Amino acid sequence: MEGGFHEGGFTPLRPLGHAEKYSTTRSSLAIYLNVGLTALYKRPDGVPVKPALLHALSTLISKHPILSAIPVATDTPNPYFVRLPKIILNEVVTFIKHDVTSPSSDWSETLDKVLEEEHNHPFEVKPNTTLPFWRFCVLESSNCPESFGLVFMFHHSLMDTKSALSLHDELEGYMAQYSGPVPSDTVYSPSLDLIPSLEDLYGLPVSQKFLQSQESYTEPSPDSWTGAVQFRPVKTRFASLWLSEVETKGLIARSKKERTSVTAALQALIATCIFSVLPSTYNTLQGDCAVSLRQFLPEPVTASTLGCYVGSTSTTYHRKSSFDWGEARRTKVDIENAMAQKGSDMSVGYLAFIPNQHQWMLQKLGRKRMSAFELSNIGSSFSSREASKFQCEGMLFSQSSSACSGAMKVSAVTGRDGKLALGFTWQQGAVEADMVEGIKRALKGEIERLAVSA
């Protein structure tokens, strides 16, 4: 790359791809900030977390060059990654003490507060900074010493949440291997090249018809609910919903019996529950679904590669008197048809045709949103690793709200404890908190009912 060194003295790496640039554009405009993946751990009483965690992070940084890369020039049309010379771990790992009495009773309320605060805390390049675009929070309680929470926050230009799931799995393994001595909190960055961007790895063709559909704005019909118009500033609100193992197994079993997927069932269920709290004047809504494009990518990308490889699909729903498995099957067909195109005619491919993403994003403000919600389900976290002194069990996926996308985001992951957790995010002023609580209650009730019938 021309230009030698960034003004901070950091080594330039490569330009951002269009999907990576989309994430930096949103964050530089304070439209969308970050993503989180939290793991709940069991451990023997008295085993310290910090030295094992620092050891594991040192190993991960030496292995994955994206962890020491930060995006710069993000307010220009040509942002690029640079390499931090070193990372001081004590600056990116925070320990939070709280007063929960058991993992089952109080963790969710504590986590919700921590995550809401974290999702309103941006990643920024500051003068003389050595801070990467990720951080960890460790939640510990003296009343519950056998458990702790590990919150991983990261910028979406670095990786997607499938990547974060893989990182958590590696982290657990490296923590288990630690046996002393106390590691240094300063890690020098490896001289490794970044893996190419999504667009440099794989073609994302766009048809003329799709291009024309993306270039024109047609306001949703009056009977389509999309929350408030797109606006700034963005204050993220967050709330979680944890299903039991029985409810999760019931949803999986019933979805399989009904010839659909858990993701498609969740998407149709969320649409049904949104309708249940809306006035009868709203009869239509659009649900977006994030999908991984990783399966189409060539080497060097593998299941454990850290990078941003995500596309999306959309399904329109019409009000029905109750949940209909036919809608879940229809949603599954929509997702399968989109995936059969192998990345063609997806909005992520359209990004290459936008000459100035900042202008394109700003022109959305003041317009109605296109979708009511966005579902991201990263599936299950499983490991064949033998039990060790640090055992990851539950997981929670979360992300900041956005000024320029669906009115509500629902992020799903199933932990090794067999429990599906859902993170609900909304922008303050775009959706009322009471409405989100109503949707959560309705969704919990529907899943309980389906689990019983399964």
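**Figure 1. Thr-313 in strand β12 of the predicted model.** In this predicted model, Thr-313 belongs to strand β12, which spans residues 310-318. Its relative accessibility is 6%, so Thr-313 counts as buried. When residues up to four places away in sequence are not counted, Thr-313 touches Gly-287, Asp-288, Cys-289 and Val-291 as well as Ile-335, Ala-338 and Met-346.

**Figure 2. Helix α1 and the elements packed around it.** Helix α1 covers residues 18-28, and because eight of its 11 residues are buried, the helix is largely enclosed by the rest of the structure. The buried positions are Ala-19, Glu-20, Lys-21, Ser-23, Thr-24, Thr-25, Arg-26 and Ser-27. These residues pack against the strands β1 (11-15), β3 (69-72) and β4 (80-83), and also against the helices α5 (198-201), α10 (347-350) and α11 (357-362). After α1 comes Ala-30, which has a positive phi, near 55 degrees.

**Figure 3. Aromatic pairs, with Tyr-41 and Phe-148 in close-up.** Across the whole structure, a search finds 10 aromatic pairs. In one of them, the ring centres of Tyr-41 and Phe-148 are 4.8 Å apart and the planes lie at 10 degrees, so this pair is stacked. Tyr-41 is part of strand β2 (residues 35-42) and Phe-148 is part of strand β8 (residues 147-154), so the pair ties together parts of the chain that are 107 residues apart in sequence. Both partners are buried: Tyr-41 has a relative accessibility of 2%, and Phe-148 one of 1%.

Figure 4. The rings of Phe-136 and Trp-134 have centres 6.0 Å apart and planes at 75 degrees, so the pair is edge-to-face. Trp-134 counts as buried at 2% relative accessibility, and Phe-136 is likewise buried, with a relative accessible area of 1%. Together with Phe-152 and Phe-154, these two residues form one aromatic cluster.

**Figure 5. Arginine side chains over aromatic rings.** At one site, the charged end of Arg-135 sits over the ring of Phe-123, at 4.4 Å from its centre. At another, Arg-330 lies over the face of Tyr-317, with a distance of 5.4 Å from the ring centre.

Figure 6. Nonpolar side chains tend to be buried together in soluble globular proteins. The largest nonpolar core here has 100 residues, and those with the most contacts inside it are Trp-134 and Met-175. Helix α2 (residues 50-63) supplies the largest share of this core, namely seven residues. The core draws at least three residues from each of domain 1 (11-188) and domain 2 (198-453). Leaving aside neighbours within four places in sequence, Met-175 is in contact with Tyr-41 and Phe-148, and also with Val-49, Ala-52, Leu-53, Ala-56, Leu-150, Lys-389 and Phe-390. Another core, of 39 residues, lies apart from the largest one and includes Ala-268, Leu-269, Ala-328 and Val-431.

Figure 7. Most residues other than glycine have a negative phi, and most peptide bonds are trans. Gly-180 and Pro-181 are joined by a cis peptide bond with an omega of about 0 degrees, and Pro-181 lies in the loop between α4 (161-177) and β9 (186-188). The bond from Glu-299 to Pro-300 is also cis, with omega near 20 degrees, and Pro-300 is found in the loop between β11 (284-292) and β12. Although Arg-259 is not a glycine, its phi is positive, at about 60 degrees; this residue is placed in the loop between α7 (245-257) and α8 (262-277) and counts as exposed at 59% relative accessibility. Lys-342, also a residue other than glycine, has a positive phi near 55 degrees. Lys-342 occupies the loop between α9 (325-340) and α10, where it is partly exposed, with a relative accessible area of 46%.

**Figure 8. Surroundings of Asp-417.** Asp-417 lies in the loop that runs between β15 (408-414) and β16 (420-427), and it is partly exposed, with a relative accessible area of 23%. Apart from its neighbours within four places in sequence, Asp-417 is in contact with Glu-245, Glu-393 and Gly-394. Its C-alpha atom is separated by 38 Å from that of Pro-279, a residue 138 positions away along the chain.

**Figure 9. Confidence along the chain.** The protein chain averages a pLDDT of 93, and 96% of the residues score at least 70. Over residues 1-7, by contrast, the pLDDT is below 50, and this stretch has 12 contacts in the model beyond near neighbours in sequence.

Methods
Residues are numbered from 1 along each chain as its sequence is written. This is a predicted model: local features need pLDDT of at least 70, side-chain atom pairs count only at pLDDT 80 or more; totals for chains, interfaces and linings use all residues. Side-chain values use heavy atoms; hydrogens and water are left out. Buried means under 20% relative accessible area, exposed over 50%, partly exposed in between (1.4 Å probe, protein chains only). Helices (H or I, at least four residues) and strands (E, at least two) are DSSP runs, numbered from the N terminus. Contact means heavy atoms within 4.5 Å. Rings of Phe, Tyr and Trp (its six-membered ring) pair if their centres lie within 6.5 Å; planes under 30 degrees apart count as stacked, over 60 as edge-to-face and the rest as tilted. A charge sits over a ring if NZ of Lys or CZ of Arg is within 6 Å of the ring centre and within 35 degrees of the ring normal. pLDDT is the predictor's confidence in each residue, from 0 to 100. A nonpolar core is a set of buried Ala, Val, Leu, Ile, Met, Phe, Trp, Tyr and Cys residues joined through side-chain atoms within 4.5 Å. Domain bounds come from an automatic or database domain assignment.
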